[in-house]
Amino acid sequence: MSEHDQEQPSTLRPFDGVRVLELAEGISGPYAGRWLAALGADVIKIERTIGDPSRAFGPWPDDLPDDETSGLFLYLNGDKRSVTLNLETSDGREILRELSTSAEIVIESFEPGYLSSHGLGYHDLSADNSALVMISITPFGQTGPNANLPATELTLYAASGQMWLTGHPARAPLKNGGSQPSYQAGLNAFAAISGAYYGAIMHEQGSYIDLSMQETYAGMAEAFHNRASQLGIETQRGGNFLNALWGIYEVSDGYGGICALPRNYPGFARAVDIPELQEERFSDPGQRLINNDELMAMLYGWFSGQTRQGLMELGIEHRVPFGFVASFEDLSTSEHLQSRDFFAQRDDERAGSLTYPGRLWVSDGHDWKMGRAPLLGEHNMDVIHGELGYEREDLVRLRELDAI
Amino acid sequence: MFDPGRPLSGVRVADLTMIWAGPYAAKILADQGAEVIKIESPRAWDNIRTLIPPPVALGEHWWNTNFYLHEYSRNKKSLSLDLASDDGKAVLARLLPHCDVVIENYRTDVMDNLGLTYEWLREQKEDIIVVGMAGFGKTGPEKDAVGYGPIIEMMSGMTSTSGYGDDGVPYKSGISYGDPIAGICAAAAVATALIQRKRTGQGQYIDLAQREVMSTLLGEFYMDWSMNRRLPDHIGTGHDWMAPHNVYRCAGDDEWIAICVRTDAEWEGLKRAMGAPDWAERPEYSDQILRWEHRAELDEQVTAWTSSKSKTDVFAALHAERIPSSPVWKMLEVIREPHLRARGFYEPLQHPEVGIWSVHGWLWRADGAGPCILAPAPDFGQHNAEILGGLMGMSADEQWALEAAGIIATQPEGVPLASEMPPTPSML
């Protein structure tokens with residue numbers, strides 16, 4: 001870290017010079033590692049010799065599967081270095097131990113107990129590195145009766161209570177799109193690591209963190225868990241509506257939405273400009289809920305005459321929480337997002353022209369790296385030979401032994 | 001002695017946030033040991049206090065009691081302060097030198113309208129870290145758009161990915177998903193800024209747009225648009241290549257279990273759990289590709305097995321075979337779920353006007369950490385004297401003058417006691 005202390009503050013990123021070992025696959029750990037890398041960390045991604053399984057998930061350009069062009073992998077692994085290690089071999093484990101002495105942060109997502117049983121648990125790695133921050137990200141955490149139960153996005157969505165709340169009340173519970181249980185766990189892991197690393201540099205004392213994807217997801221079930229525990233009330237899923245002023249309506253060119261709290265009503269009534277909305281049966285918050293069905297019927301009609309862009313403009317003019325169901329085409333070409341430099345935009349040598357989220361926030365204190373993801377094992381030579389001092393012929397032997 | 005659960009101890013946060021996204025961020029900071037001072041005006045308090053009127057909100061001082069408030073504001077302190085008045089702003093100016101962080105999730109123009117610009121904040125504390133969490137950010141043509149969680153979800157691309165697939169309708173998440181996501185990210189932003197301050201001695205201004213954070217959880221969809229100009233199909237609870245992969249109806253009213261089979265080995269396990277039925281030996285179910293092609297009839301067969309049993313019995317059989325599965329836990333069930341209970345995820349929270357109920361504790365668990373919940377959400381203005389007098393050294397006379405002028409208070413203005421209120425329906 002010391003070599004960076006003399007740099008101008010304006011060029012320093014929060015994790016410049018901090019080394020992270022990413023022993024994590026798929027989405028959660030790599031997502032956390034991606035932002036650490038973007039904020040300057042030297043993230044060494046330890047991949048099994050066949051590569052992170054996310055290399056084998058698409059999308060791919062023109063739907064041609066290729067380990068080096070998976071959109072998911074490229075998105076999650078920018079600015080990292082890739083080293084392949086087979087931890088089932090003693091050479092692989094030894095190289096990992098050597099690397100860990102220079103690491104400030106370790107992210108791992110193996111099945112609970114795996115690393116400890118290979119002499120690579122927090123206790124082992126922190127023995128000579130007491131400021132080490134290490135996080136384990138697993139579906140159900142390190143302890144408890146389900147700790148070793150395999151999981152998928154769908155089963156975690158169900159296990160956290162989120163699924164019960166999602167979908168139409170007359171149909172089966174629904175899952176939201178993509179891989180949200182994994183992504184949200186990755187975001188939580190990023191927050192956990194950042195907080196723990198701050199503690200580590202303030203106190204020169206590391207910590208070990210057990211993150212359960214079920215728990216971080218259950219921890220955002222809005223107030224519905226507490227409503228059950230404080231009042232004993234069950235919540236039914238409501239589809240796209242909480243009430244007439246909180247939901248999704250069809251508009252002439254897609255779907256639009258309104259989410260208004262009582263204090264947003266005056267602006268809403270001005271924006272919609274239907275005279276009945278000024279009547280007390282709608283303007284009074286209590287009576288409005290009693291007359292909800294009538295209000296909703298009226299709004300179905302009103303929304304059907306609106307456009308998505310028109311809603312945005314009305315919302316901005318009257319300060320009303322209107323929005324629309326945006327597509328990735330809308331977003332990738334959004335003037336607003338472009339003006340805020342939200343996207344990484346790269347012409348990738350293998351994958352072509354790419355536009356994808358390139359940062360989390362805007363700061364006047366640092367920028368974000370938006371570089372490419374590594375090829376499988378691209379940095380074996382730099383790290384194992386250049387840094388750890390193994391001879392080139394050692395690398396050949398390690399490859400033949402399937403250690404790298 | 002370093003407490004690994006509370007790495008942010010020693011950090012003080014002026015918390016100007018309201019409703020959900022901001023308070024969720026500040027909750028994470030408070031759980032991690034920061035001293036979070038929740039600042040609300042007697043005339044513009046956190047709306048979450050009064051979103052749920054009596055009798056659902058319990059107790060005479062009902063603005064202090066609802067479950068929603070306590071979810072987001074446990075472990076915090078409360079200072080009431082009218083920031084729209086010059087006298088209130090002067091008090092804030094005296095508080096800020098004691099603070100490390102200011103966090104707010106107002107509409108994008110509110111801080112400037114109040115005169116609380118970044119420049120002004122820095123004049124009070126040069127290395128202050130300021131996090132603004134406006135829905136659409138502080139710059140750009142849509143900066144004045146406003147939105148709560150579901151709007152953020154719609155505007156991020158998230159909602160476009162969700163749906164049953166047979167009706168073309170996009171569905172929102174059951175919660176206001178955009179809020180906690182922005183909150184977690186803002187907590188991370190604060191920690192990274194503290195790390196940077198430790199290294200450079202400088203604070204920073206962070207413009208965190210809730211919509212953009214949500215979009216980062218959808219990277220593969222942006223890539224598919226970039227690479228193939230393709231938008232996602234709605235696949236309900238199905239999967240691109242796994243089968244069985246669905247929610248299956250169980251005995252009872254609206255009872256479901258999620259089951260996923262990823263490999264041939266898991267398929268063998270599922271067959272054993274189902275009692276090795278003859279139909280499962282048909283050649284059309286003999287490998288993953290065939291099972292996926294025949295997923296509709298496969299789902300019917302699995303439903304025939306699950307629909308006569310309780311979801312917990314089905315889960316026990318699948319758990320024994322290590323098949324990815326979970327009951328679709330309802331809210332009254334998830335708070336008693338044996339695994340979460342065994343891990344101590346829920347902790348008791350006590351408030352004098354409500355009694356004891358349980359809320360979730362650590363979102364993640366540092367080895368050696370004690371209990372997460374040290375205090376319930378503060379009563380409105382509960383820590384006025386502690387902060388104004390104790391921390392800032394303000395005399396009792398000065399505090400009394402502020403109270404007389406309505407700059408501070410212990411009851412939101414115009415909010416009656418529960419016994420003086422007519423019955424009012426709740427939004428939730």
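The contact between the two chains takes 129 residues from chain A and 122 residues from chain B, two residues being in contact if their C-beta atoms, placed from the backbone, lie within 7 Å. This is a predicted model, in which local features need pLDDT of at least 70, side-chain atom pairs count only at pLDDT 80 or more, and totals for chains, interfaces and linings use all residues. Residues are numbered from 1 along each chain as its sequence is written, and chains are lettered from A in the order in which they are written.

- On the side of chain A that touches chain B, helix α8 (residues 180–203) gives the most, with 16 residues; helices (H or I, at least four residues) and strands (E, at least two) are DSSP runs, numbered from the N terminus.
- Strand β13 (residues 362–363) of chain A and strand β6 (residues 204–207) of chain B run antiparallel and are joined by two bridges; strands pair if DSSP finds at least two bridges between them.
- In β6(B), B:D207 stands opposite A:V362.

**Helix α16 of chain B**
- In α16 (residues 384–391), the buried residues are B:N384, B:I387 and B:L388 (buried: 20 or more other C-beta atoms within 10 Å of a residue's own, C-beta atoms being placed from the backbone).
- They lie on the same side of α16(B), because they cover an arc of only 95° around the axis, taken from the directions from the helix axis to the C-beta atoms.
- Their cover includes β2 (35–40), β3 (77–80) and α17 (396–404) of chain B.
- B:G393, which follows α16(B), has a positive phi, near 75°.

How values were computed:
Buried ≥ 20, exposed ≤ 12 C-beta atoms within 10 Å, placed from the backbone.
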